[in-house]
Amino acid sequence: MIKRLATIRAITTALATIVVALALTVGAIALVAAAQRTMVGEVTEAAGKQAADVVGQLESGRPPVLEVSGSDEQMVQVMTPAGAVVASSSNVAGEPAVARLAPGQSARVITPLDNDAFIAVAQSAQTANGQRIVLVARALVDMIDTTKAITRLLIIGLPVMLAVVALATWFAVGRALAPVEAIRREVDEISAAQLHRRVPQPKADDEIGRLAATMNLMLERLEGARNSQRRFVSDASHELRSPITSIRQHAEVTLAHPDRMTAQELADVVLAEQHRMQGLVEDLLLLARADEHVPPPRAPVDLDDLAFEEGHRLRSTTSKRVDTSGVGAARVRGDADALRRVFRNLGENAARHASSRVDIALADLGDDVVLTVDDDGPGIPESERERVLQRFVRLDEARSRDDGGSGLGLSIVDEVVRAHGGSMSITRSPLGGARIEVRLPADEG
Amino acid sequence: MSAPAVASPRPTVREVGGLRLDPATRRVWLRDEEMDLTRREFAILEYLLHHPDEVLSKRDILDHVWNFDFEGDPNIVEVYVRRLRIKLQRPDDGALIETVRGAGYRLVAVRD
């Protein structure tokens, strides 16, 4: 990761430097070319003007002024059309023609004066002695100097500028990526045991700030999931410990005092506790499956059948009066076994808390079907209604556990109902106790 | 809870009109198309097929298809009959459930 970060930084810096270098080089070449063109134009024009002066003098029959100012930067030659030099400036006295140009032409030439390039311009003059070619050559020395100056400036300036660009990019990218590195380091250190930690949140609301915020939200969800899982495991172990302890104690008593407990009595205790554990394990498995959020099957299920079934079961297992006269036909789509579990848990819960009566009612309201289970027990205080849906929560700890309630019943109902796209609410029953109402989407047709 | 046990050891396939019901496999066909019924719908149809052309009161159906100690809203029968009728509603119906006002229901074969 550190390597990768360095690579992003290096790549960005290299790219920025290369782009600037290319831009500057192209710019410099264009600048030199433009300057050269301007200067060649100026020198050619000056040479042409001087040649015209000489032509004027020759044609009027006056002796021409052939002397030049800078003795190694200018030269004049007057020659016959055949190329024989008849007169010249003193610095090229006796030299042959430097170039054979047609009148009106100009060209770069090499002169005997020095090695620098010259521009020569030729013009024609009609004298008393016949046609003459006047050739004026001027050194391009200014242009060469300027080009040299620009090139020198660039040779020194370009690396300096590139160094500045590279450094600026390097530090800017490093600065921008620093929070990323800080986030990475923090995430690297956050182990499963330290999910309460959060990554540093930069102040700016930029991409990296949002990344940090998202990561912190993810950590929060992870922490929540870890906490609820930990609580669940600890509660489950706690629940399983009491039947296990009970079995061990009874077995120890039987071993130590064979006269106090018969094998029959021990078997009864073991079976009862086994029953409790089995129920608990089944509930846990069901909840674990519900936590996977696998959508339930979509088979049509007649809830009225399940309601009558539960009514029968309660009548045979409790002494409470169970009223199912309010059960009408209601069909939903879903998992029949899971929905049967809803009825069983609600029925058992109501029977456990009822003092004498449990009412089960079912109605099809068109879009929804509504199941209500009422009891005439103490009811659930409003402040506890949210809490009883949590796993392993019982209102009356000591009493309910002996009654066989695992504290998972209503959580399971809640999970199954939600998986079926329904909702569950707890209110006060007209019978005086609790009313649990479940709404599920009705199956059309 | 379940439909009344059929007397013969090997339950016979019942047929009225184009409606055919096999108690052993708990499958029902209308003409040659298998019907998709819930358990309760099957039980009602099975009861009606045992008594073709006979008027069966709501109470009869409740007692036989639900239980003698049925404790619920008796209108449940109407809902199930309505659902069955919807499922039986096909062109060239083989059988239909008639309402006999004030008395109950009757399964009759349709002859065309």
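## Close-up views of a predicted two-chain model

**View 1. The fold of chain B at a glance.** Read from the N terminus, the elements of chain B follow the order β-β-β-β-α-α-α-β-β, which amounts to three helices and six strands. Helices here are DSSP runs of H or I with at least four residues, strands are runs of E with at least two, and both are numbered from the N terminus. The model is predicted, so to speak of local features a pLDDT of at least 70 is needed, side-chain atom pairs count only at pLDDT 80 or more, and totals for chains, interfaces and linings use all residues. Residues are numbered from 1 along each chain as its sequence is written, while chains are lettered from A and ligands numbered from 1 in the order in which they are written.

**View 2. The four-stranded sheet of chain B.** Here the strands line up as β1-β2-β3-β4 in an open, antiparallel sheet; two strands pair if DSSP finds at least two bridges between them. At the edges stand β1 (14–16) and β4 (33–35) of chain B, each with a single partner strand, so one side of each has no neighbour in the sheet. Direction ignored, neighbouring strands are turned by 25° against each other on average, with axes taken as lines fitted to C-alpha atoms (for helices over the stretch in contact) and angles running from 0 to 180 degrees between N-to-C directions.

**View 3. Strands β2 and β3 of chain B.** Strand β2 (residues 19–22) and strand β3 (residues 27–30) of chain B run antiparallel and are joined by four bridges. Look for B:Asp22, which stands opposite B:Arg27 in β3(B).

**View 4. Where chain B meets chain A.** In this view, 13 residues of chain B are in contact with 14 residues of chain A, contact being C-beta atoms, placed from the backbone, within 7 Å. On the chain B side, α1 (39–50) and α3 (76–88) each give two or more residues, and α3(B) gives the most, with four. By class, that side has six nonpolar, three polar and four charged residues; Ala, Val, Leu, Ile, Met, Phe, Trp, Tyr, Cys and Pro count as nonpolar, Asp, Glu, Lys and Arg as charged, and the others, Gly among them, as polar.

**View 5. The largest nonpolar core.** Such a core is a set of buried Ala, Val, Leu, Ile, Met, Phe, Trp, Tyr and Cys residues joined through C-beta atoms within 7 Å. Among its 62 residues, A:Leu303 and A:Val342 touch the most other members, and helix α6 (residues 336–353) of chain A supplies the largest share, seven residues. Beyond neighbours within four places in sequence, A:Leu303 has contacts that include A:Ala330, A:Leu339 and A:Leu371.

**View 6. A:Asp53 in helix α1 of chain A.** A:Asp53 has its place in helix α1 (residues 2–59) of chain A and is partly exposed, with 16 other C-beta atoms within 10 Å. A:Pro64 lies eleven residues from A:Asp53 in sequence and 8.5 Å away, C-alpha to C-alpha.

**View 7. Confidence along chain A.** Confidence is lowest in helix α7 (residues 397–402), at a mean of 47, and highest in strand β10 (residues 368–375), at 94.

Conventions. Two residues are in contact if their C-beta atoms, placed from the backbone, lie within 7 Å. A residue is buried if 20 or more other C-beta atoms lie within 10 Å of its own, exposed if 12 or fewer, and partly exposed in between; C-beta atoms are placed from the backbone. pLDDT is the predictor's confidence in each residue, from 0 to 100.
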